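Colleague: I would like to go through this model with you and ask how its labels were reached. Could you show it to me?

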Amino acid sequence: MSTICAISTPLAEGGISVIRISGEGALAVAEKVFKPFTCESVGAMQGYTCAYGQIHDGDKTVDDGVLTVFRAPHSYTGEDVCEISCHGGIYVTKKVLRLCLKNGCDPAQAGEFTKRALINGKLSLTQAEAVMDTISAEGEYALASANLTRKGSLFGRISKISNDLVKLLGELAAWVDYPEEDLPAVEENALRKSLEDALAVTGRLLRDYDNGMLIRSGIDTVIAGKPNVGKSTLMNLLLGYDRSIVTDVAGTTRDVIEESAKLGELVFRLSDTAGIRDTEDTVEKVGVELAHKRLEECMFVIEVFDTSRKPDEDDIALLEKVKSLDKRCLIVLNKSDLESAVGEEFFREYSENIVCISAKNQDDRMMIQEAVEKIFSPENYDASSTIFANERQKHCAEKAHEHLNAALDSLNMGETLDAVTVMIDYAANALLELTGEKATEAVVSEVFSKFCVGK
Amino acid sequence: MENFDIIVIGAGHAGCEAALAAARLGLKTALFTITLDGLANMPCNPSIGGTAKGHLVREIDALGGEMGRAADKTLIQSRMLNRGKGPAVHSLRAQIDRVAYHRLMKKTVEDTDGLYLKQAEITDLLFEDDGRTVRGVRTHLGVEYGCKAAILASGTYLGGEIHVGAMTYPSGPDSVLPATKLTESLKAAGMELRRFKTGTPARVHKRSINFDKLEVQHGDEDITPFSFDNKVLPENKVDCYVAYTNAETHKVIMDNIHLSPIYSGRIHAIGPRYCPSIEDKIMRFSDKPRHQLFIEPMGLDTEEYYLQGMSSSLPVDVQLKFLRTIEGLENVEIMRNAYAIEYDCCDPTDLLPTLEFKEFHGVYGAGQFNGTSGYEEAAAQGLVAGINAALKLKGEEPMVLDRASSYIGTLIDDLCTKGVSDPYRMLTSRSEYRLLLRQDNADLRLTETGHRVGLIDDERYAAFLKKKEQIDAEIKRLTAINIAPSEKLNEYLSSQGTDPINNGIKLTQLIRRPQLTYEGLAFIDPERPVLPHDVCEQVELMIKYEGYIKIQLEQVEAMRKLENRKIPEDIDYSKVGSLRLEAAEKLAKIRPLSVGQASRISGVNPADINVLLVYLETMK
């Protein structure tokens with residue numbers, strides 16, 4: 001049996017959340033994501049004990065939390081079980097869940113913990129019947145939510161890739177199964193291009209998925225710019241009150257400050273950073289390093305520039321940096337009431353999203369709202385779908401992404417196309433799983449409908 | 001009344017394999033055919049194998065079936081298709097001398113102890129009083145024979161009806177008599193039958209073909225035989241040719257399309273998607289400027305040639321007219337015209353994976369009767385039905401091949417679990433485990449099973465074990481070898497277009513590089529033993545594809561876990577609380593043997609499977 005995990009507490013803002021892992025590999029997964037402070041390792045923990053420690057994703061710390069270990073058969077499911085309690089809040093909780101999935105867990109099916117409990121003899125027959133009802137009901141719910149998701153844009157995009165893959169597989173299958181027909185040969189370069197295109201789409205899809213999740217729990221936003229161009233003023237404009245110390249001395253904002261601002265329907269978690277300019281000041285240097293790191297991690301950057309001065313090396317360094325990170329961004333040109341030393345067109349080559357404001361003018365808030373609403377327009381995320389359906393879709397997209405990468409690797413290594421094709425098969429199957437189709441049938445139908453083949 | 005253990009109805013490719021297997025396993029077997037001269041006939045293309053079908057033939061051979069051996073002895077040209085596309089999709093295809101094949105197979109049947117070949121049309125299956133346990137058959141002359149198992153392998157004979165233009169008449173293939181009564185008897189017993197359609201192109205006279213205008217297609221220089229047991233390598237004796245249709249051909253067909261019984265609506269049966277008639281191809285793919293056809297000899301002592309790709313049900317004069325528009329066929333003489341044929345077949349979801357009917361004890365189906373098409377698909381099912389009928393009568397465990405074991409297993413699972421909507425042809429793309437199920441390793445996958453069942457003798461089994469041992473030993477030896485960089489090696493690596501090495505490397509890592517071969521690296525491996533070619537081939541493939549094989553094996557393991565969760569035969573799905581109605585109906589119809597099979601039924605979703613799993617637990 002595979003090792004499964006799920007969030008076991010209601011998915012809502014709260015004090016703590018619990019992620020439950022069950023199965024043979026439960027301790028191994030916990031070992032990978034949890035470092036206890038109070039003992040050497042997860043493996044050393046006895047059943048019915050807990051430890052305080054750090055939840056981490058490689059080198060990155062995700063949260064502090066408590067791990068409770070249950071050893072088989074003394075657990076709810078009768079298998080090894082680990083429960084990670086982390087700080088509540090949808091964002092962190094889902095991050096921990098995803099971390100477990102990434103480290104070898106499968107998402108638990110509806111009622112699966114209970115099902116396992118039953119199989120391992122932990123439940124009575126009457127309880128079992130109740131479980132079947134639950135699974136069935138949740139199955140219906142999953143189906144209904146999957147149907148709901150079908151109308152969503154995420155599903156549309158997944159369908160598009162799976163259709164493309166099935167088409168590609170159809171070409172490969174016809175080429176292999178009908179070697180004597182005068183069909184166009186499959187060109188390796190064309191195949192590579194198709195795989196790269198599909199990978200770009202799954203990659204984008206996965207990124208956007210994260211975005212979609214984040215949009216609901218707040219878009220992680222960095223306000224960046226040279227010292228004293230008015231970042232803090234802008235932040236105050238967005239928040240509606242004075243938050244940072246605003247002075248005319250360059251470099252006065254030394255902390256990364258987090259605040260939430262609501263613009264229309266969108267929630268932004270703003271960090272006002274110190275500038276990214278080179279500095280000798282030790283205290284400020286720490287802030288600059290932090291700012292760089294934040295730029296890399298965040299999902300949205302608001303770059304602020306002062307148009308009354310010509311852009312200097314620092315400004316250009318910022319523009320280049322954000323461009324190289326391929327982040328969604330908004331360029332805010334400040335102090336437009338003063339005489340301009342640089343035109344808007346200079347910034348066009350870095351981003352199309354530009355607003356000119358004077359941070360002292362409250363009406364400008366509306367302009368910024370319109371600009372960000374455009375950037376985060378709804379086709380980029382799927383707000384209507386349920387979380388269950390989303391996680392499942394994401395898991396499928398992730399698997400597909402992985403297999404597509406494997407296919408591309410095989411192709412680039414010069415492997416024969418039979419191996420490459422099987423990897424693409426897996427990718428297509430992962431995506432088709434969402435609609436309950438099977439790649440083999442879809443491909444066979446594709447061959448017969450698109451190619452004139454046969455004796 | 002004369003009694004047999006097993007009676008096989010129909011002596012085509014399915015029937016012959018079924019009867020041979022049953023008799024060889026010690027059961028007294030009768031093989032009935034409407035005409036002895038039609039035994040193992042090839043009423044369509046004179047060839048065996050092809051993509052995925054070649055895999056089937058090698059698997060039949062590994063299990064102890066006859067088709068591979070017979071094909072090797074009567075082939076007149078052989079080619080390995082898909083060379084260069086990867087070992088998983090290499091496929092053997094051979095042109096066969098049609099009459100020689102028939103004669104050889106007939107003699108093989110005649111020479112088999114305990115096998116009784118009889119010419120008669122079977123008109124009735126006879127059942128016990130329960131109406132569902134077979135007890136015998138009746139012929140058109142009213143003679144009754146008793147049996148404990150009957151295998152239906154009636155092909156296109158059952159209710160056969162030929163269409164050519166406006167003409168329709170009852171007929172079996174190649175102008176033999178059809179089986180006209182058996183359908184009624186099966187329907188009266190409660191069996192559901194449906195109607196499928198297939199077709200065949202014209203046969204033309206050699207002297208009327210202008211070969212100078214055609215592309216020639218030679219056989220392979222070094223022939224791989226179908227049979228793993230083959231000791232005499234076959235030789236190429238003929239060439240095949242390629243020709244093309246053109247705008248004029250298409251115009252003649254389009255001008256006369258109203259005369260086609262399919263387009264005029266007189267045929268309602270479902271034809272195979274993979275084998276469209278030429279009029280189908282032109283109607284459906286009107287943008288294609290030309291279609292290919294292959295011109296193949298029917299044998300060594302005949303002037304008949306087969307026109308692969310030109311199956312049609314248009315009137316004979318139209319056939320002649322469009323053929324004569326083709327370059328090289330300007331003066332062509334038709335000897336046998338093309339036709340479409342309709343026939344009766346069962347719904348294969350009524351069958352168990354042993355090919356026995358769920359509702360009729362001792363009744364098995366095989367071949368076109370089960371909704372497939374192709375000699376190889378038929379032979380594979382015949383073999384499985386014959387083996388299982390024999391095992392059942394002997395009181396032994398049935399032989400059920402799963403999807404990961406073989407193309408045969410994939411074929412039968414597709415039939416029994418998913419059913420068919422048009423005549424089913426095997427394709428490599430139908431197998432999700434195709435990197436494991438290669439034609440080159442069919443013996444490694446199935447000889448063990450063939451031996452256990454009793455169709456592979458001890459001598460052949462010992463040879464197989466030796467091969468396996470040699471492969472294992474050589475892989476083990478290679479894995480232990482480390483190679484140091486040297487000028488000579490690096491020169492060789494560069495010449496093969498791959499990176500030179502700076503540090504020591506495992507020999508297996510070098511073999512794994514796509515640019516290098518086991519053979520080519522012999523010079524850095526002085527200790528290498530002399531091994532047979534087939535052993536070297538397996539060693540190389542197993543090393544090269546180790547990574548992919550591992551991924552596929554993981555999938556197989558996951559699949560087999562569910563496959564091992566058996567569902568009791570007497571399960572009543574209406575009593576499984578919480579099961580969705582649609583799922584309960586589908587499960588009750590297919591009656592899957594395992595949870596794995598249940599999960600492949602369309603319309604049964606993962607939640608249903610979970611409900612089922614829980615229910616099965618509560619039954620313990």
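**Burial, cores and backbone**

Modeller: Let's start at B:Ala366, which sits in the loop of chain B between strand S22 (363-365) and helix H9 (375-393). Helices (H or I, at least four residues) and strands (E, at least two) are DSSP runs, numbered from the N terminus. This is a predicted model, in which local features need pLDDT of at least 70, side-chain atom pairs count only at pLDDT 80 or more, and totals for chains, interfaces and linings use all residues. Residues are numbered from 1 along each chain as its sequence is written, while chains are lettered from A and ligands numbered from 1 in the order in which they are written.

Colleague: Why is B:Ala366 called buried?

Modeller: A residue is buried if 20 or more other C-beta atoms, placed from the backbone, lie within 10 Å of its own, exposed if 12 or fewer, and partly exposed in between. B:Ala366 has 34 such atoms within 10 Å, so it is buried.

Colleague: Which residues is B:Ala366 in contact with, leaving aside its neighbours within four places in sequence?

Modeller: Contact means C-beta atoms, placed from the backbone, within 7 Å. The partners of B:Ala366 include B:Ala14, B:Ala18, B:Ile151 and B:Leu355.

Colleague: What makes a set of residues a nonpolar core?

Modeller: Its members are buried Ala, Val, Leu, Ile, Met, Phe, Trp, Tyr and Cys residues joined through C-beta atoms within 7 Å. The largest one here has 182 residues, and B:Ile7 and A:Ala427 are among those with the most contacts inside it. Helix H13 (residues 417-432) of chain A gives this core its largest share, twelve residues. A second, separate core has 48 residues, including A:Phe34 and B:Val614.

Colleague: How do you know whether A:Tyr48 is buried or exposed?

Modeller: A:Tyr48 has 11 other C-beta atoms within 10 Å, so this residue is exposed. Its place is the loop between strand S3 (34-36) and strand S4 (49-57) of chain A. A:Tyr48 also has a positive phi of about 60°, although it is not a glycine.

Notes: Two residues are in contact if their C-beta atoms, placed from the backbone, lie within 7 Å.
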